[in-house]
Structures are given as C-alpha cells and as structure tokens.
Amino acid sequence: MSKPSLDLQIHTLPDNPGVYQYYDKDGKILYVGKAKNLKKRVSSYFNKIHDTRKTNVLVRKIVTIKHIVVPTETDALLLENNLIKTLQPRYNVLLRDDKSYPWICIKKEPFSRIFLTRRMIKDGSEYFGPYTNFKMVYTILDLIKELYPLRTCNYDLSESNINSGKFKVCLEYHIGNCKGPCEGIESLEDYQRQVDAIREILKGNFKESMKDFKRLMNQYAQNLQFEEAQKIKEKIEILENYQSRSTIVNPKITNIDVFSIVSDESAAYINFLQISHGSIIRSHTLEIKKKLDESDEELLELAIVELRERFQLLSKEIIVPFELDLGEKIKVTVPQLGDKKQILDLSIRNAKFYRIEQLKQLQIVDPDRHVNRIMAQMQKDLRLPVEPRHIECFDNSNIQGTNPVAACVVFKDGKPSKKDYRHFNVKTVEGPDDFASMTEIVYRRYKRLLDENEPLPQLIIIDGGKGQLSSALKSIDELGLRGKVAVIGIAKRLEELFYPGDSIPLYLDKKSETLKVIQQLRNEAHRFGITFHRDKRSKAALNSSVESIPGIGEKTMLTLIQHFKSVKRLKLATEKEISAVVGVSKAKKIVEFYKTN
C-alpha cells in the first residue's frame with residue numbers, strides 16, 4: 001500500500017493535545033514537537049513560507065507525519081522531552097551537557113556515611129544535588145566535617161558486628177574526628193540525630209542546627225566547661241559564615257525555582273536558581289543552540305522540563321519572565337515587583353553574563369563565527385536583503401559655517417577599515433547647508449566607485465534624520481543605485497533609524513549588538529570628520545596670523561602654535577624652549593627671524 005499524501009495525513013490529524021514526529025523519505029526522524037492542537041500546529045508548517053531557511057528545508061524533507069495523542073499539554077511536554085532525548089532528531093535542540101555532575105550521598109546503612117559521588121545507585125540512599133560547582137560541594141563537605149564528627153570507614157556496622165567486637169577504633173577516633181560507633185562508644189540514635197541535622201543543612205535549612213549548637217554552647221557555659229563551649233562557638237561561626245555567603249533573598253520565599261532566558265539569533269541561555277529557606281542554594285546556566293527559529297517560550301518550556309528532571313526539583317511554584325503552560329500541578333508566577341521580581345532580575349543577569357562570557361570566548365577561539373553571528377543579527381535587525389559585510393557612514397562637519405567638510409568611514413565585517421576612510425572638501429556649496437553638502441559628497445563618493453569599478457557597500461548610513469536621508473537619496477537615484485544598496489538615516493537620538501519612504505522610524509534595543517556597531521560607525525565618522533575640520537580650520541587660522549619664516553614649513557608652525565597656544569607666546573619663548581619642540585636648527589631660524597623682524 002502506497003503512503004498517503006501529506007495533505008491527507010494532515011487532514012486526518014486530531015484536534016487534541018499531543019506530540020508529532022516528522023520523518024523523511026528514508027524513514028529517518030527529522031523533528032519532534034508538541035501541540036495543544038495537533039492539526040492546527042502541524043498545518044501551520046505547510047501553509048506559509050517560513051522566515052528561516054532551515055525551517056523551509058525541514059518542511060521540504062517531510063514525507064511522513066506520526067503523532068501520539070495525550071490527555072493534557074503537560075503530558076505532551078514531558079513526552080516531547082523524552083522522545084527528543086531518545087530519538088535525537090536532527091532539527092531539534094538537544095538539552096545535553098558533556099558533564100556528569102557530583103552529588104552528595106547519605107548512604108542507606110547503619111551509621112550512614114556522607115560522601116561525594118558521580119554515580120547514583122538506586123539502593124534507597126539519599127542523593128542531594130547535582131551540584132554544578134565543585135567548590136560548593138567541597139565547601140559543604142568541609143562544613144559538615146567541621147560541625148559533626150562522622151565515620152569515614154566503610155565497615156558494615158551492623159549491631160551483631162559491633163557486639164562481637166569485630167572492629168577497633170582508628171586514628172580518626174583518637175584525633176576527635178569520629179566518636180567510635182564501630183566499638184559501640186557512640187549510639188546509633190545519637191549518630192542518626194547528626195545525620196538528620198546534616199540532611200536539613202543540605203536542603204538549605206540552617207536554623208535547626210544553629211539552635212541546637214546555641215543550646216549546647218549555653219549548656220557547656222553554665223557547667224563551666226568553657227573549652228567545650230568555645231568549640232561549639234567556633235562551629236556556630238562556621239555555620240553563620242557559610243550561610244552569609246549564599247545570597248539571602250527573603251526568609252518567606254521557600255522552595256521556589258526561578259528560570260530566565262536570554263537569546264540571540266543562534267543560541268539561547270537559560271539560567272536556573274533554586275531557592276530554599278530564603279537562600280539561593282543552586283545556580284546553573286544552560287546554553288541551547290537554535291536549530292530552527294524556536295521562540296523563547298518553546299525553549300524555556302523545554303529547558304524547565306529537562307532541568308526539573310535532571311536536578312530532581314519538586315517545588316510547586318516556579319518564577320519565570322513570561323506566562324507558560326506547565327500543567328495544573330505547577331504554579332507559574334510572573335512577578336512585576338517585590339522580592340520575587342528582584343530574584344528573577346538576578347537570574348536574568350546571570351544568563352546575560354554567561355552569554356557575554358561565551359561570546360567573548362567565541363570571539364577569541366573562533367573569530368569568524370563571531371563575525372558571522374553579528375552579521376546575521378544585523379541583517380535581521382535592520383531588515384536587510386543581505387548581510388551588511390561592507391558598511392559606509394557619512395557625516396558633515398561645519399562649525400559656525402566655516403570650512404565645510406565631510407567624512408566617509410568604512411566598516412568591513414563589523415570592524416573599521418581605516419585605509420578606506422575618505423575626507424571630502426565640500427566644493428559646490430556656499431555657506432553652511434548640510435542637505436546640499438550631503439547630496440554632493442554622496443554623489444562624488446559613489447560616482448568614483450562606479451567609475452573605478454570598485455565594490456559598492458551593502459549598507460549606507462547617513463548621520464542625520466529624514467532631511468539628510470532625502471538629500472543622500474537624490475544622489476543615489478541619480479546614479480541609478482536605488483534598490484542596489486540599502487540606505488538608512490540615524491536621527492540624533494541614536495536609536496531612531498529612518499528608511500526611505502517610511503515616515504515611522506525603527507527603534508532598536510539600546511543593548512543590541514546591531515546598535516553598538518552603528519554607534520561605533522557614527523562615532524568614528526564624527527571623530528574623523530571633526531579631526532579633519534579642525535586641521536583645516538587651524539591651517540586657515542595659521543595662514544592668517546603667522547608670517548612666513550624661511551626654512552620653516554606649515555606643519556612645524558602648526559606644531560609650535562598648538563604647543564605655545566599663540567604666536568605672541570612663541571615670539572616670547574627662548575631658543576631652548578622652542579628646540580625642545582622642533583629641534584635645535586629650526587629653533588635657531590625661528591629665534592633669528594623674530595630678532596631681525
């Protein structure tokens with residue numbers, strides 16, 4: 001029997017929640033997704049052209065659609081997560097790490113041992129973690145060791161073994177690190193009381209341990225056992241010091257998980273904070289490489305399911321930056337203010353810092369990939385048909401209407417290409433007319449590039465609002481370049497971008513990398529134009545105020561005037577002072593000239 005057509009497969013899909021799977025002609029799994037309504041979700045793939053090339057390629061490859069119907073969307077979420085892990089489809093993001101994280105184990109045995117392990121054995125033992133920070137694990141284990149004397153041996157301390165006198169106390173007993181349960185010196189009841197206290201500490205609750213130690217310290221002090229009281233006091237200090245190092249939120253906030261997401265074109269960074277008894281007891285950031293154009297909502301839902309499973313999180317409430325549907329059993333909070341909002345902001349900050357860190361590393365390790373990412377981001381943000389690998393930015397400089405000049409700076413692959421920078425003296429415009437100056441220099445720049453058969457930029461940026469943009473477009477039209485090169489204008493407030501024929505400006509996020517590149521271009525054009533203008537103005541001022549000295553060039557005189565601030569001061573300067581700036585022979589000529597004149 002031949003395979004039914006795609007249209008028929010889609011038409012017969014149910015309107016229920018479930019998980020869908022796409023397969024190619026060879027029966028290879030391509031993609032797994034979840035949906036509230038299977039028919040609507042799957043149809044949406046085939047009734048439009050997608051924004052990203054990858055999604056369009058995926059859709060072209062689909063031959064078979066399979067689905068699994070489940071009772072609720074939460075079930076769909078969990079099933080999708082399991083199928084992605086099991087089948088590892090090519091077009092799905094995979095939430096995997098190459099690390100196996102350490103756990104702290106309370107062993108299920110008489111006189112439980114407490115130790116670090118990377119392997120979870122299902123023998124009834126309790127596991128706390130996993131910890132994403134080794135320093136944290138060792139600090140906690142050191143803290144436990146300081147507070148409670150526990151055994152480190154691996155003897156089978158059954159009642160019959162202890163009673164038969166099978167074991168003898170070791171060095172750990174003699175130096176006070178263990179109370180000798182192997183010889184029955186310490187009772188099982190007393191030992192397990194310590195294990196219960198440690199269990200609370202591992203859960204993030206220090207209150208009970210603190211109370212017990214304070215009670216014991218007072219007891220010793222009343223019995224005049226000051227040395228023992230001092231030892232307990234030191235333990236309280238260790239506990240207080242450790243607690244103060246973990247960020248205290250609000251004691252009322254208990255057992256809540258916080259998730260936040262920061263994403264760009266190629267990846268998303270999800271941060272997770274676990275709050276217990278008013279303290280952050282765990283933080284972890286996960287990087288997900290985007291395969292298709294997945295939304296932040298999709299990625300965050302996927303990551304929450306994965307992280308809750310991986311870290312065995314059982315909290316009934318989670319804090320997130322936007323509404324998510326994670327089923328009835330989990331309360332989803334999107335805080336607007338207060339302590340919960342502050343803790344969400346902290347999580348977002350962690351995600352942002354992690355992203356910056358990764359991007360800096362990428363810039364060093366793989367600069368080409370870094371450039372490609374920024375170019376793809378700029379193309380998307382500025383709605384360009386191609387990546388702006390070659391950008392040119394124009395700026396006019398005329399201060400108080402004198403010496404009108406203009407600058408053109410060139411960026412290639414997002415970096416300044418200083419050898420391609422150009423200065424222009426405005427020739428055809430009398431007086432300060434920014435619009436006419438812009439028309440002239442844009443025409444001269446691109447007429448020359450066309451005449452010399454040089455490559456044209458993909459993007460031209462005009463420093464100025466609608467007026468300057470219109471002036472530049474006159475020249476672009478005259479040269480027949482409209483439609484071949486993208487042109488945008490930047491208004492003075494920097495975040496306003498004007499497009500030809502569009503009266504409403506585009507606003508970029510103030511923290512976006514695209515805006516940073518544009519700011520850099522504009523600042524560079526401004527700096528380059530102003531420097532040229534100042535030089536020109538200084539020369540004009542110099543020519544009007546300085547007499548010509550035989551053997552002394554214009555450049556030397558400019559250096560001297562800049563150093564001595566005026567011709568009058570230069571005339572009064574000694575030969576030694578002048579020689580310190582321009583050398584002995586030139587200083588001699590200058591002093592001789594002013595003496596004879």
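User: Which residues of H14 meet which residues of H15?
Analyst: From H14, Asp 434, Phe 435, Met 438, Thr 439, Val 442, Tyr 443 and Tyr 446 take part. Their partners in H15 are Gly 467, Gln 468, Ser 471, Ala 472, Lys 474, Ser 475, Ile 476 and Glu 478. Contact here means heavy atoms within 4.5 Å. The helices are DSSP runs of H or I with at least four residues, strands are runs of E with at least two, and both are numbered from the N terminus.

User: What sort of model is this, and how are residues numbered?
Analyst: This is a predicted model, in which local features need pLDDT of at least 70 and side-chain atom pairs count only at pLDDT 80 or more, while totals for chains, interfaces and linings use all residues. Numbering starts from 1 along each chain as its sequence is written, and side-chain values use heavy atoms, with hydrogens and water left out.

User: How is the packing of two helices described?
Analyst: Two values are used, the angle between the axes and the distance between them. For H14 (residues 434–451) and H15 (residues 466–478), the axes come within 8 Å and cross at roughly 35 degrees. Each axis is a line fitted to C-alpha atoms over the stretch in contact, and the angle runs from 0 to 180 degrees between N-to-C directions.

User: Is the crossing of H14 and H15 left-handed or right-handed?
Analyst: H14 passes H15 in a right-handed crossing. The near helix is turned clockwise from the far one by less than a right angle in a right-handed crossing, and anticlockwise in a left-handed one.

User: What does the span of H15 say when set against the expected value?
Analyst: H15 has 13 residues and reaches 18 Å from first to last C-alpha, close to the 18 Å expected. The expected span is 1.5 Å times one less than the number of residues. H12 (residues 339–365) can be treated likewise: its 27 residues reach 39 Å, close to the 39 Å expected.

User: Which residues of H15 are buried, and what do they pack against?
Analyst: Gln 468, Leu 469, Ser 471, Ala 472, Leu 473, Ser 475 and Ile 476 are buried. They pack against H14 and strands S16 (459–463), S17 (486–490) and S18 (496–499). Just after H15, Gly 480 has a positive phi of about 70 degrees.

User: Why is H19 called oblique to H20?
Analyst: H19 (residues 575–582) and H20 (residues 584–596) pack at about 135 degrees, with axes 7 Å apart. That angle makes H19 oblique to H20, because under 35 degrees is roughly parallel, over 145 roughly antiparallel, 65 to 115 roughly perpendicular and the rest oblique. The crossing of H19 with H20 is right-handed.

User: Which residues form the contact of H19 with H20?
Analyst: Glu 575, Ile 578, Ser 579 and Val 582 in H19 meet Val 584, Lys 586, Ala 587, Lys 588, Ile 590 and Val 591 in H20. By class, six are nonpolar, one is polar and three are charged.

User: What makes Phe 111 count as buried or exposed?
Analyst: Phe 111 has a relative accessible area of 4%, so it is buried. Buried means under 20%, exposed over 50% and partly exposed in between, with a 1.4 Å probe and protein chains only. Phe 111 sits in the loop between strands S4 (103–106) and S5 (114–117). Beyond four places in sequence, its contacts include Arg 151, Leu 157, Ile 162 and Tyr 191. The C-alpha atoms of Phe 111 and Arg 151 are 7.8 Å apart, at a separation of 40 residues along the chain.

User: How do Asn 161, Glu 234 and Arg 383 fall under the accessibility classes?
Analyst: Asn 161, in H6 (residues 159–163), is at 14% and therefore buried. Glu 234, in H10 (residues 226–245), is at 39% and therefore partly exposed. Arg 383, in the loop between H13 (367–381) and strand S12 (390–399), is at 51% and therefore exposed.

Note on methods:
Nonpolar A, V, L, I, M, F, W, Y, C, P; charged D, E, K, R; others polar.
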